[in-house]
Amino acid sequence: MTDTDRQDLVTAIRSAIAAAPSPDSAMTQAVRLLKDAIPYYSWVGIYLLDGNELVLGPFLGKPSPHTRIPLGRGICGAAASEKATIVVDDVNADPRYLACSIETRSEIVVPIMEDGEVLGEIDIDSDRPAAFGDGDRRLLEQVAALLAESLSEE
Ligand code: SME
């Protein structure tokens with residue numbers, strides 16, 4: 001996917017979020033647009049922070065056993081605690097990794113933040129090793145910023 005394709009996708013997601021009747025609908029549509037646009041995004045989901053736990057919201061892909069993740073656990077918990085994007089090229093080599101599917105080889109987790117506070121995060125798994133590059137990080141950080149606006153208007 002080229003930078004232009006990514007910008008077109010961000011534009012489509014921005015429009016869908018702006019037209020969505022609720023934050024829940026905005027998240028569902030963002031998940032759908034990302035999953036449909038990028039073949040190596042095998043599992044796409046959004047977790048929302050509820051107290052000290054991340055709670056699974058809209059997702060596409062195989063059902064995950066990890067519907068609630070404490071802040072200290074998993075790659076998801078680490079990204080929320082560190083308030084930073086985490087890219088893992090080989091999930092099987094990362095002791096923090098909580099397995100969702102045996103096929104998963106790499107993962108990216110991007111916090112959704114507003115005024116320095118974590119509201120939730122975008123979590124994407126790929127069945128390809130080292131699937132996520134700088135382009136994915138930039139794309140998903142833009143989508144996270146759009147979702148932060150939608151969630152904070154609640
Ligand atoms: N792999 C994540 C758990 C969520 S599932 O991938 C959907 C983690 O290590 O936090």
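I started with cavities and found one of 30 Å³ or more. On a 1 Å grid over the protein atoms alone, a cavity is a set of points where a 1.4 Å probe fits but cannot get out. This is a predicted model, so I note that local features need pLDDT of at least 70 and side-chain atom pairs pLDDT 80 or more, while totals for chains, interfaces and linings use all residues. Residues are numbered from 1 along each chain as its sequence is written, and side-chain values use heavy atoms, without hydrogens and water.

I then looked up the size: the largest cavity holds about 110 Å³, a volume being the space filled by probe spheres set on the points, which are joined across faces, edges and corners.

Which residues lie nearest its centre? I noted Y47, C76, L98, E107 and D123, out of 14 lining residues, meaning those with an atom within 4 Å of a point. Strand 1 (43–50), helix 3 (74–82) and strand 6 (117–126) each give the lining at least two residues, and helix 3 has the largest share, three. Helices (H or I, at least four residues) and strands (E, at least two) are DSSP runs, numbered from the N terminus.

Next I turned to the largest pocket, with a volume of about 170 Å³. A pocket is an open set with protein on both sides within 12 Å along at least five of seven lines. I counted 13 lining residues, with I17, A18, E149, S150 and E153 closest to the centre. Helix 1 (3–19), helix 2 (23–37) and helix 4 (134–152) each give two or more residues to this lining.
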